[in-house]
Amino acid sequence: MSNPLLEVITANRAGARAALPSICSAQPDVILASALLAAEKGTTLLLEATSNQVNQDGGYTGMKPADFVSYVKSICATAGLPEDALILGGDHLGPQAWRSMPADQAMAKARELMKAYVQAGFTKIHLDCSEGCAGEEAQVGDELSASRAAQLAAVCEEYAPDPSRLSYIVGTEVPPPGGAREEGEAHSIEPTPPARASRTLQMHFEKFDELGLQDAKGRICGLVVQPGVEFSPFHIDHLPADDGKALRAALDPFQNVVFEAHSTDYQLDNAFPRLANMGFAILKVGPALTFAYRQAIYGLDQMLDWLEEDKRTAPKISKILEAEMLSEPKYWRSHYQGSDQELRLLRHFSYADRIRYYWPQEKVQDALKALFAALQTHEIPKVLQLQLFASRTVERARALQRHGFGIEKALVLAEIQQALDPYFFERVEAPQLEEAL
């Protein structure tokens, strides 16, 4: 059976401009929009869950790994995406969700996590043990991190239905799962030094060897490094102009290994093929897609204002969300800083997009149902759609209606697809790429 992820990795290592976006989100419309786009393009969908989002205790979504797999497959089936076109990944799998515990207890929980993920059918496994546990430094060194990663890989090898289907990603150069750097930190993100990338990768190979994990070592196919992209609540760090050849050269001694880039959200369209040229064959995106979802919902909310004015009965989505965020601030308080007005703007419009944690709340879901029900009673003029959505989004939404969606749902899906579409740039094979350059 072919492995689409490894096919992309092999092509990239051979010099092709090839990369696969990795969607990291549990939001159902984000998953549906992504699956529809992948099906339309006839390509693979790589979808990932983080360890704090989905774990054996339920995570913040309330889903265990097997629940998440069923949930995703159901949405993908609705989109018409073949099951063999779906790859499920686990992001930042390690002791992070239990790092307040002593290391032995946190690692015991991490072992349970790995077992649950691979038994559920996740095959792309990011081993990340970089964060310290109780009594340890916030970030531990390469040797301890790699040693713990190897221990968790051993669990995966033992419990996976077919270990040969596993692909391991190692290393980390990003903030904790679900986060972004805080506003006020330096707006200069330094790319990973090549020597550091080589050292991290070599240390993982050595620790796998120490545990006799020869087969598993051959399944290490990606290293997370920092190409110089990041975002904070109010700021985006765009990909530097450097061609990244020195960093890519760090991969030369390691066959079949590529880079994985995290926090690629909000980059300019031309950044994604450039990242592929730099050896980044896996491009993570998440907050930008839920940001687009929020944009669409707020656009529809304004649309209803124009359609009903003082006769409106459906509650304002933004007011419901504001009340929920103020009553339960744990998902945003430690991520945002500023005056009351700045905090209000950040709660709703931040690039870090902490609002995504509040969409599942019962009151918010009730308000969403009321909004869509109200819109469905109206014929929405195209000129009003164009007032609140970009023309490309409106045209894409009209095309999505052939799947049976009403225009209000189609506009939401189209807005998300507009954010994701640049990741599916045209692949260029190595000989053609050399000619183009």
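A helix here is a DSSP run of H or I with at least four residues, numbered from the N terminus. In this predicted model, helix α12 covers residues 340-349, and Phe-349 lies in it. The protein as a whole has 17 helices and ten strands.

Consider the overall form next. The C-alpha trace spans about 70 × 55 × 45 Å along its principal axes. A compact globule of 437 residues would have a radius of gyration near 22 Å, and the protein has 22 Å, so the value agrees with that expectation. Among contacts with a separation of 6 or more, 74% join residues 24 or more positions apart.

Now the interior. Of the 437 residues, 57% count as buried. The largest nonpolar core has 131 residues, and those with the most contacts inside it are Phe-68, Ile-125, Leu-127, Tyr-168, Ile-297 and Trp-359. Helix α10, residues 287-308, gives the most to this core, with eleven residues. A second, separate core has 15 residues, including Leu-5, Ala-16, Leu-46 and Ala-281.

Leaving aside residues up to four places away in sequence, Phe-68 touches Ser-25, Ala-26, Leu-47, Glu-48, Ala-49, Val-54, Met-63, Leu-88 and Phe-122.

The accessible surface of the protein comes to about 18,500 Å², and carbon and sulfur atoms account for 49% of it. On the surface, Phe-234, Leu-345 and Phe-349 form a nonpolar patch with about 260 Å² of accessible area together.

Terms used
Residues numbered from 1 in each chain as written. Predicted model: local features only at pLDDT ≥ 70, side-chain atom pairs only at ≥ 80, totals over all residues. Heavy atoms only, no water. Core = buried A, V, L, I, M, F, W, Y, C linked by side-chain atoms within 4.5 Å. Buried < 20%, exposed > 50% of the residue type's maximum accessible area, 1.4 Å probe, protein only. Helix = DSSP H or I, 4+ residues; strand = E, 2+ residues; numbered from the N terminus. Contact = heavy atoms within 4.5 Å. Patch = residues over 30% accessible without salt bridge, like charges linked within 9 Å, V, L, I, M, F, W, Y side chains within 5 Å. Areas by Shrake-Rupley, 256 points an atom, 1.4 Å probe, with all protein chains shown as cover. Salt bridge = Lys/Arg side-chain N within 4 Å of Asp/Glu carboxyl O. Rg over C-alpha atoms; globule rule 2.2 N^0.38 Å.
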